[in-house]
Amino acid sequence: MERLQKVIASCGITSRRKAEQLILDGRVKVNNVVVKEMGEKVSSKDKIEVDGVLLQKSEKIYYLLNKPRGVISSVEDDKGRKTVIDLIETDKRIYPVGRLDYDTTGLLLLTNDGAFANILMHPHHEIEKVYIAKVRGIMKKEAIQALKTGVLIEGKTKKASRVKLRKVNKDTNTSMVEIIIHEGENHQVKNMLSAVGHEVLKLKRERVGIFTLGTLKSGEYRKLTPKEVQIIYSLENKK
């Protein structure tokens, strides 16, 4: 037996919190009876409907992709460009967890498990995202401190939990910088580095939480292990 909201979320149609709201709003039926209170538990034999639509459980799948440059982080693209979905051989409907820019490379997770994706993206869990950026100019200590203290982007203060200068090249006037953030807003790393006077020339995401690229080459992917999935779900239980 599992909690009703967890079962709804596991079907990939919404997060667990939104599933709870669906129940409170009277939009969920179990065996043709409307359920409007938390605490209901169901089994695999129960018939669950949301807004009159019968839920169909599907096998949950999880992939880790080393995204190449020039690929869109979406299910489809109206301009006909290659998407991350095109790179993975599966007959299941999957989608990326968050996104990487068209010209950004590195680690991207894809799944059909809405609850899993929500845990990874929820700011409460403060999951680390590690990026390596090649930027124009030689980065100074003042810029590193500003990134850690916080820079203003579109009226909001954004800061890195860690910034490390990996390498400088005076001949090309460039720097390699490691930057760790907990959020994942569009263009956030690029905007933060631009705010301290450094244009991003190349950007790669090397780690998300427990996940690393390992030996995956650009364009390669692997399935997550059951243990890795379990670790992410354990974060929800710590809330």
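This report describes the protein chain as a whole and then one of its strands, E9.

## Basis of the model

The model is predicted, and local features need pLDDT of at least 70, side-chain atom pairs count only at pLDDT 80 or more, and totals for chains, interfaces and linings use all residues.

## The chain as a whole

The protein chain holds six helices and 17 strands, where helices (H or I, at least four residues) and strands (E, at least two) are DSSP runs numbered from the N terminus. Its C-alpha atoms fill a box of roughly 70 × 35 × 35 Å along the principal axes. Of the 239 residues in the protein chain, 44% count as buried, a term that means under 20% relative accessible area with a 1.4 Å probe, protein chains only.

Among contacts (heavy atoms within 4.5 Å) in the protein chain between residues at least 6 apart in sequence, 62% join residues at least 24 apart.

Strand E9 covers residues 105-111, and six of its seven residues are buried, so the strand is largely enclosed by the rest of the structure.

Two strands pair if DSSP finds at least two bridges between them. Strand E7 (residues 62-67) pairs with E9 in the antiparallel sense over six bridges, with Tyr-63 opposite Leu-110 in E9. Strand E8 (residues 95-96) is also antiparallel to E9, over two bridges, and here Pro-96 stands opposite Leu-110. Strand E15 (residues 200-208), by contrast, runs parallel to E9 and is joined to it by two bridges, with Thr-105 opposite Lys-204 in E15.

Definitions and conventions
Residues numbered from 1 in each chain as written. Heavy atoms only, no water. Buried < 20%, exposed > 50% of the residue type's maximum accessible area, 1.4 Å probe, protein only.
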